[in-house]
Amino acid sequence: MQPEQSDHRPGTPGPAEHAPLPLGQRILRRLHRVPPPVWPLSAGAIALAGATLLHFVDPNEPGNYPTCPWLLMTGTFCPGCGTMRAIALTTQGDVLGAISMNPLLTLLVPYILWSYVQWVASTIRPPRRPPRPTPSWFLWTLTVTVTGFWVARNLPWFSFLAPGTPLFPGW
């Protein structure tokens with residue numbers, strides 16, 4: 001028996017070396033070429049575009065935006081119910097109205113902004129040592145707070161936490 005003859009010459013790429021990379025690997029290669037500051041700046045631009053849309057297209061008018069899936073399926077409010085209306089009211093300068101739509105969002109805005117600034121800063125000037133992980137006590141506190149808010153805003157005793165209910169009825 002004779003060994004099979006190959007057209008492959010030494011020093012030239014073989015047939016396996018010409019095969020294109022799978023789509024997933026090509027996408028990952030391109031994503032790794034993007035400069036790091038692009039990600040947080042793009043997220044900020046998308047958030048500003050969303051706030052601009054909410055400013056000009058009123059979320060209170062039926063048919064402009066879809067209904068919250070949780071509210072549609074269960075008839076109860078989720079922790080995020082009222083967030084779109086709160087952002088729309090904030091862009092119009094009505095801070096008390098925004099607070100009445102979603103008080104939890106108002107409490108979390110400083111943390112969200114601080115986290116965003118940290119993200120931008122760490123991509124522009126990477127830290128010399130790895131960042132410390134978020135303390136577990138903070139994560140547990142955040143989880144308990146969001147869950148407690150979720151349950152409380154659906155109870156009759158805390159109906160003032162429901163979207164659109166004024167927190168200060170006299171105002």
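Predicted model: local features only at pLDDT ≥ 70, side-chain atom pairs only at ≥ 80, totals over all residues.
Q: How many helices and strands does the protein chain have?
A: Seven helices and zero strands. Helices (H or I, at least four residues) and strands (E, at least two) are DSSP runs, numbered from the N terminus. Along the sequence the pattern reads α-α-α-α-α-α-α.

Q: How much of the protein chain counts as buried?
A: 17% of its 171 residues. Buried means under 20% relative accessible area, exposed over 50%, and partly exposed in between (1.4 Å probe, protein chains only).

Q: What share of the contacts comes from residues 24 or more positions apart?
A: Among contacts in the protein chain with a separation of 6 or more, such residues account for 57%. Contact means heavy atoms within 4.5 Å.

Q: Which residues are buried in α4?
A: In helix α4, residues 83–91, the buried ones are A86, A88 and L89. Seen down the axis of α4, they fall within an arc of 165°, so they line one face of the helix. The arc is that of the directions from the helix axis to the C-beta atoms.

Q: What covers them?
A: The cover of the buried residues of α4 includes α2 (38–56), α5 (95–101) and α6 (103–124).

Q: What comes just after α4?
A: G93, which takes a positive phi of about 90°.

Q: On to pockets. How much space lies in the largest pocket?
A: About 630 Å³. On a 1 Å grid over the protein atoms alone, a pocket is an open set of points where a 1.4 Å probe fits, with protein on both sides within 12 Å along at least five of seven lines; lining residues have an atom within 4 Å of a point. Grid points are joined across faces, edges and corners, and the volume is the space filled by probe spheres set on the points.

Q: Which residues are closest to its centre?
A: Of the 17 residues that line the largest pocket, I87, L105, V109, I112 and L113 are the closest to its centre.

Q: Which helices supply that lining?
A: α2, α4, α5 and α6 each supply at least two residues, and α6 gives the most, with six.

Q: How do α2 and α6 pack?
A: At an angle of about 145°, with their axes 8 Å apart. Axes are lines fitted to C-alpha atoms, for helices over the stretch in contact, and angles run from 0 to 180 degrees between N-to-C directions.

Q: Which residues make the contact?
A: W39, P40, L41, A43 and G44 of α2, and Y116, W119, V120 and T123 of α6. They divide into seven nonpolar, two polar and no charged.

Q: Why does W39 count as partly exposed?
A: Because its relative accessibility is 41%. Leaving aside neighbours within four places in sequence, W39 is in contact with L31, V34 and W119. W39 and W119 are 80 residues apart in sequence and 9.3 Å apart in space, C-alpha to C-alpha.

Q: Where is S100, and is that residue buried or exposed?
A: S100 lies in helix α5 and counts as buried, at 9% relative accessibility. Its C-alpha atom is separated by 6.3 Å from that of P163, 63 residues apart along the chain.

Conventions
Residues numbered from 1 in each chain as written. Heavy atoms only, no water. Nonpolar A, V, L, I, M, F, W, Y, C, P; charged D, E, K, R; others polar.
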